[in-house]
Amino acid sequence: MNFQLKQLRWLYISLGILSLCLAITITPTRASLPVPTTSTLNVSASTSQPTNWLEQGRNLYHSGRFAEAVTIWQTAAQQYHTQGDRQGEALSLSYLSLTQQELNQWQAAQQSIEQSLKLLQTSIPSADAILWAQALNTQANLQLHTGKAETALESWQKAQKFYEQAGDTMGSLGSQINQAQALQTLGFYRRSKQQLETLTQKLQGMPDNGIKVSGLRSLGLALQIIGDSAKSQQILEQSLAIAQKIAAKPHLSSILISLGQTAVDLQDPEAALDYFEQAQLLTTNPSDQLQARLAQFKLFLNYDKLEFVNPLAPQLLQQLRELPPSHTSLYAAINFVATLNHQSNSDQILPLKDLAQLMAVTVKSAQQIQDTQAEAHALNQWGKLYQRTQQLSEAQELTQKSLNIARQLQANDIIAQSAWQVGQLYKQQGDRSKAITAYTEAVNALKALRGDLVAINPDVQFSFRTSVEPVYRELVDLLLENQPSQAELIQARELIEALQIAELDNFFREACLDKTQQIDRVDPTATVIYPIILPDRLTVILSKAGQPLRSYVTHKPQAEIEQTLDNFLVALNPVSDSKNRDRLSQQIYGWLIRPEEADQAFIDTKTLVFVLDGRLRNIPIAALFDGKQYLIEKYAVALSPGLQLMATRSQNHISAIVGGISQSRAGFSALPAVESEVKQISKAVSSKMLLNQEFTSQALAERVKSSSAGIVHLATHGQFSSRLEDTFLLTWDGQVNVKELSELLKNRGSDPSKAIELLVLSACDTAAGDDRAVLGLAGLAVKSGARSTIATLWPVKDRAAAMLMTRFYDQLRQPKITKAEALRQAQISLIRQTDFREPFFWSGFVLIGNWI
């Protein structure tokens, strides 16, 4: 190897894990860059000029000055080209693409990496394996960013081979971690999990050194991104223990910060604070120290610990003022102000004029280092500060500037935030028409982002609850003011459905719905009801095939509506006062159903399909009471999370896969009646049974794949939660999370005719204290690919569940009966023919999806 190539290799290793880290952290958190290398090569003072430029580019990249790094690497590529050094040119172009990706210059990044690869293919037939690995890694990162997960997977597989050929263990490990993430994006959750487990074993077998520390940390970050916070914590703790053992001080603070973020995800603030404090004490670089202090500040604010916030805020402000301009320092300042902008009382923590001054300096610094995205974000936060002080014209000017830059960059994440803010400002000034236009632009930007919402710039806060959901709700509120037109009702209905889909995308951390069908066209005897809770009222939109939309309004504060819903849920307990329950039930009936009945809106309606919003999801609609009858005694009831229905098959012959656990297992109590439930259903319909020890995830997967049964009935413990990691089903060999379960249930391939017709979960529960837990149920219903899902909102007495399910299948065998009607008849039989007439025993069973 000649000296110049050795210099190039040294620069590759120095940048080394740079592209690896970028690829690993395309979603939530950005890894620190880069790890110290084992290389002992140094660049001498007499190095050729282009190599010096490459090194300058590396230093600029590390300091977050991406625009300058682009210029340097462009110059280096041109100089290498002039000198006829094709390897140097290829490496420069690969780094150039990497940095252009940081600046969201996707087309330019594509051109740069294509040129790099073309040089390696045509001009350097014997190119060093490390150069191929680097270029393929850069290409794969770009492919994954631009929605080409399958080709990214192939590129990383090729990169892995070249890394191994070059003897680069860390590069090989990183490529494999990235492959696991690409598999996740493609929906192959079990393969992804297996890949990460294999990597864990490989790393455990390695000697304790810096590469192992970095590999474990990268693996921990990957697990954090896919939602396995507990496993992430375990792996990161191993990384920390080894780093401490081998005295790898530069690694400690970044691992501790990652552990702190995982503890935040696991809702363990004390552990998070401990990790952040340790990181601050042990850090060897200013960037990590600042990140650790900002993380502590945000944690204190989130838990209202103002006694710690107040002394820390001015210290951080001073530190941010003194930092030289860089990508890192700009986003630290933006994040600091964004955190405070989310607090209604932040003017008691720091004067708003000081924060405005910090944003003014940040805008100038962003212009200085040509970071236009940071400039747009800073203008947005600056505008928000003026909005809070009611200086509306200044706020309008700054926010419009941010929006204009975002449009030029085609940066939908910034468009969404700035257009929303512009809409709010127009609304405050009483210009409803311009407000609706701006809000619509914001919503369209959010729709364009879809599953990328969690992959948005991790340096800027972008939480679903604070930055996505309110945009939809505020626009619906505007559209439904006074007497909405038919066009406004149609737009409001579409927004309600789009919000449902956005919530599920956010739950799964990916876009989960594509093929849709207008639900009011599925069944002419069904009426679709869209209730939406707004700050000062409850509006109900009614949709029936072939008829104009109707709307009904109940003027009540949101807090009063939600309190009534919560009280009704508590009153469903059989030991509660039945008169109080009936009173609350009639009140909700009066909001949702009685005005429409008075309007004769339900003539010729057999099924009421509810697209429920917010807290309404938690209540059993079937149990609403009109004073004489329950709603289920008058109509079949189904729930839909929006548009995503598949056409139903005709069920001439009903067959099922039936599984369950009746014994106590893994800390869960026994369900004695499950055994009789499973056996009775197996008698009622042609089925294959998996009970207790037979009911493993592997056995279920094999049955689903090999069988053509249209029904999968699972009588086992499970939990639904608004947190992905807390939504699972119990099999004999352990918990199966919702993503793995959905993949397992789709084990028959992509042929729609082979999809599961009905998934039944008869013993599940919603997570305690989680007012959005039913989101997990809707998520599974959609993600499983099953056309319909029946599940329980709470654990029902297993004898009542067994009785209801047996009667449901008896009804389902009747000719021309819909699933909704079969469930209705089973519920009515419990009301009228058994001791389980209380709503608690039968109303928790809900049908989600296609009711036919």
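**Salt bridges and a buried strand**

Arg617 is buried, with a relative accessible area of 10%; here buried means under 20% relative accessible area, exposed means over 50%, and partly exposed lies in between, as judged with a 1.4 Å probe on protein chains only. The structure is a predicted model, in which local features need pLDDT of at least 70 and side-chain atom pairs count only at pLDDT 80 or more, while totals for chains, interfaces and linings use all residues. Residues are numbered from 1 along each chain as its sequence is written, and side-chain values use heavy atoms, with hydrogens and water left out.

What does Arg617 pair with in a salt bridge? The partner is Glu503, and the closest N and O atoms of the two are 2.4 Å apart. A salt bridge is counted when a side-chain nitrogen of Lys or Arg is within 4 Å of a carboxyl oxygen of Asp or Glu. Glu503 belongs to helix α25 (residues 486–508), whereas Arg617 sits in the loop between β4 (607–610) and β5 (636–639), so this pair ties together parts that are 114 residues apart in sequence. Helices (H or I, at least four residues) and strands (E, at least two) are DSSP runs, numbered from the N terminus. Glu503 is buried too, at 2% relative accessibility.

In total, the salt-bridge rule gives a count of 28. Another of these pairs is Arg832 with Glu633, whose side chains meet at 3.0 Å, N to O. Arg832 is in helix α34 (residues 819–833) and Glu633 is in the loop between β4 and β5, so the bridge ties together parts that are 199 residues apart in sequence. Arg832 is exposed at 52% relative accessibility, but Glu633 is buried at 15%. Lys634 also forms a salt bridge, with Asp626, at 2.9 Å between the closest N and O atoms. Both partners are partly exposed: Lys634 has a relative accessible area of 25% and Asp626 one of 21%. Elsewhere, a network of salt bridges links Asp208, Lys212 and Lys245.

Two strands are taken as paired if DSSP finds at least two bridges between them. Strand β6 (residues 655–660) runs parallel to β8, joined by five bridges, and Ile657 has Val712 as its bridge partner in β8. Strand β12 (residues 758–761) is also parallel to β8, with four bridges; there, His713 is partnered by Val760.
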